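Reader: Hi! Could you walk me through this one while I have it open?

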Amino acid sequence: MKRILQRGAVVLLCALLLGAVSCDKDDDGAAGGNGGAAVPDPEGTVMVQMRNANNGDTHVYPEEFKWKSTNYNTDPCYLYIDEADNLTCNSGDVICIGQVAGLGNIRERPEVGWADEAALLPGYGYILRASNIDAPDGYVYCRVYVVGYLTSTGGGIIGATVKYQSPFIPENLPAQE
């Protein structure tokens, strides 16, 4: 029951974020923000079919997506789909930015709303982050777009086809000195 309530809260958060993104008058695909008219996939886009934790548990290790601490210990981060079909990261945070036209339409990272997991939904965009002391703002990022679900012959969800890009540098990072 707790898992169902958590998933419902994540879906509600995604819906609220979608409403905030879609109401932005400057979000016409030419200005900042996320969304707008579809743009081509960025260079370095990778498409992969991932199985959820109940059906093979695919772990994807995006290039240069590594957690690094102040004592310079480094650990590769990976993304995966958990038992409840949530997108998650082993050593970082994830945020759903709502429905977008494709991977290239994920441009800016939100300031608030980061969580351990987010409900995986086709047509939605996500940003994952991991702490890294070498990064300008203390994080490295990966952007993810869910193309669609993978289903069993019985119709159950067994995973998803996703596109991702890493390293990803959000357009709205603070100016560096």
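**Rings, strands and cysteines**

Author: Happy to: the structure holds four aromatic pairs. Rings of Phe, Tyr and Trp (its six-membered ring) pair if their centres lie within 6.5 Å, and planes under 30 degrees apart count as stacked, over 60 as edge-to-face and the rest as tilted. One of the pairs is Tyr 78 with Tyr 80, whose ring centres are 5.7 Å apart with planes at 45 degrees, so this pair is tilted.

Reader: Before we go on, what should I know about the model and the numbering?

Author: This is a predicted model, where local features need pLDDT of at least 70 and side-chain atom pairs count only at pLDDT 80 or more, while totals for chains, interfaces and linings use all residues. Residues are numbered from 1 along each chain as its sequence is written, and side-chain values use heavy atoms, with hydrogens and water left out.

Reader: Thanks. Is Tyr 78 buried or exposed? And Tyr 80?

Author: Tyr 78 is buried, with a relative accessible area of 18%, and Tyr 80 counts as partly exposed at 21%. Buried means under 20% relative accessible area, exposed over 50%, and partly exposed in between (1.4 Å probe, protein chains only).

Reader: Which residues do ring pairs link into a cluster?

Author: Tyr 61, Tyr 78 and Tyr 80.

Reader: You mention strands. How are they defined here?

Author: Helices (H or I, at least four residues) and strands (E, at least two) are DSSP runs, numbered from the N terminus. Two strands pair if DSSP finds at least two bridges between them.

Reader: Which strand does β8 pair with over six bridges?

Author: With β6, in the antiparallel sense. Within that pairing, Cys 96 stands opposite Tyr 126 in β8. β8 also pairs antiparallel with β9 (residues 139-151), over seven bridges, and there Ser 131 has Tyr 139 as its bridge partner.

Reader: Why is β8 called largely enclosed?

Author: Seven of the eight residues of β8 (residues 124-131) are buried, so the rest of the structure largely encloses this strand.

Reader: What sits over the ring of Tyr 139?

Author: The charged end of Arg 129, 4.3 Å from the ring centre. The test asks for NZ of Lys or CZ of Arg within 6 Å of the ring centre and within 35 degrees of the ring normal.

Reader: Switching topic: what is the order of strands in the open sheet?

Author: Three strands form it in the order β4-β5-β7, with antiparallel pairing. β4 (79-81) and β7 (117-119) stand at the edges with a single partner strand each, so one side of each has no neighbour in the sheet. Three bridges join β4 to β5 (residues 86-89), and Leu 79 has Cys 89 in β5 as its bridge partner.
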